[in-house]
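Please view the sequence and structure below before reading the points.

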Amino acid sequence: MTGRLTAKQHVQKAAGHELGEVFDAIATAARQIARKIRFAGLSDVIGAAGAVNVQGEQQQKLDVFANEILTQELGKVRSVAAIVSEEDEEPVAFQHEGAKYVVIFDPLDGSSNIDVNVNVGTIVSVQEVAGDLQTALKQPGSKQIAACYVVYGPSTVLVVTTGAGVASFTLDEDDEFVRTADGMRMPEQGPYYSANEANASSWPPAYREYIAMLQRGELGGKAYSSRYIGSLVADFHRTLLKGGVFLYPPTAKTPRGKLRLLYEANPLAFIAEQAHGAATNGATRILDLMPEEIHERTALIVGSRREVDALQKAVLAAGDSL
Ligand code: P6P
């Protein structure tokens, strides 16, 4: 042990015992997912599970594994009333009398990248269940109690906010998530923009003009490089550490955006804002969006405040908002 705080101890200190237990369950699940991914090539867990999930996407075997582990570990925590997963059509409620949290997650985002050994991740949002579950799931992201993601890469890193800043934890040789950064701040402006430019022809024009403006170095005289991994958690983690902007605009195929509001955009927007960054759907702050259904999609532009503010200004001026 390095004498550093663990994720559970950090969350307990920042937000109390009950939430500490929730994050202990998430860390326990993440350890098992990380191990499964690390040795994926040696066992029969690569590739499709032969089923299609609620999103109509080919379920990968590791999606199923990650979903089962997170559901199992969170199901043991008395303060968790229910979970919502990208992999399940409906919420899964537990018989936990008086439980106050609903945990909403994408168990393994970007899992199709595992076959080529690219970073993938788990993304989690925690909301409070004051009344009934359906009401809790219609709260805006600004009501989140906590959020985190795990990026499974050369190292396994857990990044957490409980509303008092952003901390990161690295899985150590004792298989413990130990704190390696606290009070994380996204750089004011970054060197990278990150988007799938193959979709540019179907973006609203303001987005194309915005990228061209960055390429010309007209935002604060900054010359930009492009970085796109195609794994949301990896693209976000780089943006958090190095600054810049990640964009998934509306496209012809996904006019309401591709990414999911409840378990992708909201938790990452919460972490971004806690690190002095910003997140919008092009017209509205992500954390102000009022969800209508648990799997709804949104456009997502997230990153350093300077780039995100400039994008939202350009989209609103062009009247391109959704
Ligand atoms: P595209 C992965 O499938 C994912 O859900 C996110 O992790 C990623 O940001 C996005 O889709 C990539 O989408 O259309 O660029 O392949």
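This is a predicted model: local features need pLDDT of at least 70, side-chain atom pairs count only at pLDDT 80 or more; totals for chains, interfaces and linings use all residues.

Residues are numbered from 1 along each chain as its sequence is written, and side-chain values use heavy atoms, with hydrogens and water left out.

**Ligand site**

- A polar side-chain atom of N196 is 2.9 Å from a ligand oxygen atom.
- For Y228, a polar side-chain atom lies 2.6 Å from an oxygen atom of the ligand, and a polar side-chain atom of Y248 also lies 2.6 Å from an oxygen atom of the ligand.
- Of the 400 Å² of accessible area that the ligand has on its own, the protein covers 76% (Shrake-Rupley method, 1.4 Å probe).

**Aromatic pairs**

- There are two aromatic pairs, counted for rings of Phe, Tyr and Trp (its six-membered ring) with centres within 6.5 Å; planes under 30 degrees apart are stacked, over 60 edge-to-face and the rest tilted.
- The ring centres of Y149 and F236 are 5.5 Å apart with planes at 85°, so this pair is edge-to-face.
- Because Y149 belongs to strand β7 (residues 146–152) and F236 to helix α6 (residues 232–242), the pair ties together parts that are 87 residues apart in sequence; helices (H or I, at least four residues) and strands (E, at least two) are DSSP runs, numbered from the N terminus.
- Y149 is buried at 0% relative accessibility, and F236 is buried at 1%; buried means under 20% relative accessible area, exposed over 50% and partly exposed in between (1.4 Å probe, protein chains only).
- Y228 and F246 have ring centres 6.4 Å apart and planes at 15°, so they are stacked.
- Y228 sits in the loop between β12 (225–226) and α6, and F246 in strand β13 (residues 244–248), so the pair ties together parts 18 residues apart in sequence.
- Y228 is partly exposed, at 32% relative accessible area, whereas F246 is buried at 3%.

**Helix α6**

- Nine of the 11 residues of α6 are buried, so the helix is largely enclosed by the rest of the structure.
- The buried residues of α6 include L232, F236 and L240.

Definitions and conventions: A polar contact is a pair of N or O atoms within 3.5 Å; within protein, one must be able to donate a hydrogen and the other to accept it, and residues adjacent in sequence count only if both atoms are side-chain atoms.
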